[in-house]
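Dear colleague,

Please find the structure below, followed by an account of what was found in it. Kindly read the account with the structure open beside you.

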Amino acid sequence: MKKRTMSLLSLAILNFAYAQKDTLNQKNIEEVVVTGQYSPQSIKKSLYKVEVIGGDDIKRMAVNNVAEVLNQTLNILIVPEKNTGDSKANIMGLGADYTKVLIDNIPVIGDTGLGSNIDLTKLSLDNIERIEIVKGSMGVEFGNNAIAGVINIITKKNSNKQWNIRGFVQEETVGKEYDWVDYGKGRHIQSLGISHNISDKWFVDLSLNRNDFQGFWGNNQGKNYFERDNRRGYEWQPKEQWNPTFMLRFSAPKTQFFYKADYLLEEINYYNSVVDPKDLGGGERTFTSRDRDYFTQRMLHHFNIQTEFFKKTKFTGDLSYQKQSRERQDYVFDVPAIQEVSRDSKGTYYEAETIYSRGVISNFLDSNWANVQLGYEGDYTKGFAGMDSGKFDGNNVLNDVLNAGIFASAEFDLSSNWFLRPGVRINFSDTFETKPNVSLVLKKTINNQSEFRAVVGSANKNPTFEELFTYFVDSNHNIQGNSNLKPENSYSGMLYYSLFSKPSSSIKWSVDISSLYLQTQDRIELAITKEQPLQYKYINIDSYESWLNTISGKISNKNFGFNLGFSVLGRMMNLNNITDAKYQYSPELNASAYYNLLRTKTSFAIYYKGVGRTYRIMEDKSLGVTQYILGRQNAFSLMDFSVSQKIWKDHFTFTAGVRNIFDISDVRNAVSGTTGAHATTTAAERMFYGRSYFGRFNFNF
């Protein structure tokens, strides 16, 4: 299917890179965060509680996309889809539509909207500095769909070297499946990046990543199998991704800006399990199957500027153009001959194109105890949903939406280390009704080793194409969308208490205790609107409540680190107005540790995550459209281990490890007694493909 198209030939340019000498001095800067801040802020001074996954943690994991990083994060469930290859984040028990995903504070385009329902496997980790996570409703700061939280991916924008050439080659099994010779099994990943400080003000970076996932065979027999027993194909479909990026940055004392271009090309190969005989004449015959390729193209253009004027006034502006399209192409495949017979033309089934702009001004008050931020945010999105992607009465759906919002907040430094930040946003739309959002952050710095936060906020979520425009009527079905749907509303309240070590301590430690409550109202659900004849319609009917209590701690010094966290998530899902809805509780535990042998430059790392038995909202398409059911998921545990060795002045790093040590695959699901539109049968859901092994070779000059 695919050929090896990248190899270690990139090493041929290493001697050139090694000949370059560093001309810049790297400064040791205290860890800063940007999510929800007026400007980059020390994590200890941040008003919002921001969880940070740093670059060192990402390197130790030896992972390759954002989904793999978050898979070990407490209170985030990554839900994979084996047919599409997508993996999306579930926070607070809510699906990917309720979490906003950003790159450098700019929302990322997806199939059904801007910043929501994002496939995290399409976001590579090359040149990623850190990932910031804020849980709770963040509508004032980030607008629509920031209900369960925000995931903000921060990229590197400078280097301490005049020239830098980096890259890696990684080989990984898929479960027990692997083939080095012809790349017919396993996972094969290559990356190459080059950056250059053109001057003391200009910096440029160029990178290319390739991820070749050859699919998971499981109990199937691959694409060349032609027995008529429905075992042809793969349990997880093969997928290949190419991801080139370009970044240019200018930095001066009062003005900085950067431009970033990111392109993704993804191909997924679906091999039909149904094989049909074909008579060739003369007593000969062959077997054919009708297969399909899926293609995704995503283009991102981001521009950001930060500048100061009138002495201290700060302005931050963002402008982005993004486009994502998904196409499918059917073809007839002669299985014994291993060749195509015919191929149809490509057809688009999803397309979204958006122009996004955001501007913020702050620090214009001549005050030592107060600061005000004023801003706007707007996006114009054209969306296309093909009739293949939903039941739209045999028609394609084309629609455009203009969203805009104005927001304001103020930070007050009150006496005795009390900080207060109220905020408000008004959202406008040419499609949906006007919705206000509010927020209030209260922080108390108790002493230099403890602090307290209280945060309340609101947000809303706009309806999707399927919820608005579905029309599926035949002799057995009557299912309709609703163009009069209104956005869902959410409210959240959070309490945080933190203890940490003294700044001068050689051993750093911290303990965080938090409680977070979230409620959504006017949830959109496929509900029965008529019993005889049976009719369904998307309406604003349901409510959802969740309550998350967490305690976590970490300790580290220059050669070791240990993290431990425990949480209990309670959820009450009032699907379809079930009157006996009650809280269902689920525990979760995660732990990680690393140890560095400083003399030999060897590093060991281990990660564990245990998820208790839980009830969660699951998608069900048994009726031909998406509905949401209340399903039970059994407990499971994940554990990963890796060891890394640096050599030759740290220019090379070898990493080897094992993922999913406990060999987890299926997670059983069962319906919790719902009926009607919410009924389905017990099924096995393969969330993972079992234990796998990997080896990676990194170079950095």
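**Salt bridges**

The structure holds 37 salt bridges, a salt bridge being a side-chain nitrogen of Lys or Arg within 4 Å of a carboxyl oxygen of Asp or Glu. Please note that this is a predicted model, in which local features need pLDDT of at least 70 and side-chain atom pairs count only at pLDDT 80 or more, while totals for chains, interfaces and linings use all residues. Residues are numbered from 1 along each chain as its sequence is written, and side-chain values use heavy atoms, with hydrogens and water left out.

Helices (H or I, at least four residues) and strands (E, at least two) are DSSP runs, numbered from the N terminus. Arg 421 is buried, at a relative accessible area of 3%, and Glu 141 is buried at 6%. Here, buried means under 20% relative accessible area, exposed over 50%, and partly exposed in between (1.4 Å probe, protein chains only).

Lys 176 forms a salt bridge with Asp 663, where the closest N and O atoms are 3.9 Å apart. This pair links distant parts of the chain, 487 residues apart. Lys 176 counts as exposed, at 73% relative accessibility, whereas Asp 663 is partly exposed, at 32%.

**Strand 6**

How many residues of strand 6 (residues 99–103) are buried? Five of its five residues are buried. Thr 99, Val 101 and Ile 103 point one way from the strand, and Lys 100 and Leu 102 point the other way. In a regular strand the side chains alternate between the two faces of the sheet.

Strand 6 pairs with strand 9 (residues 149–155) in the parallel sense over five bridges, and with strand 7 (residues 106–107) in the antiparallel sense over two bridges. Two strands pair if DSSP finds at least two bridges between them. Ile 103 stands opposite Ile 153 in strand 9 and opposite Ile 106 in strand 7.

**Asn 462**

Asn 462 lies in the loop between strand 24 (450–461) and helix 5 (465–469). At 14% relative accessibility, Asn 462 counts as buried. Leaving aside residues up to four places away in sequence, Asn 462 touches Asn 144, Asn 145, Asn 403, Phe 432 and Pro 487, contact meaning heavy atoms within 4.5 Å.

Yours sincerely
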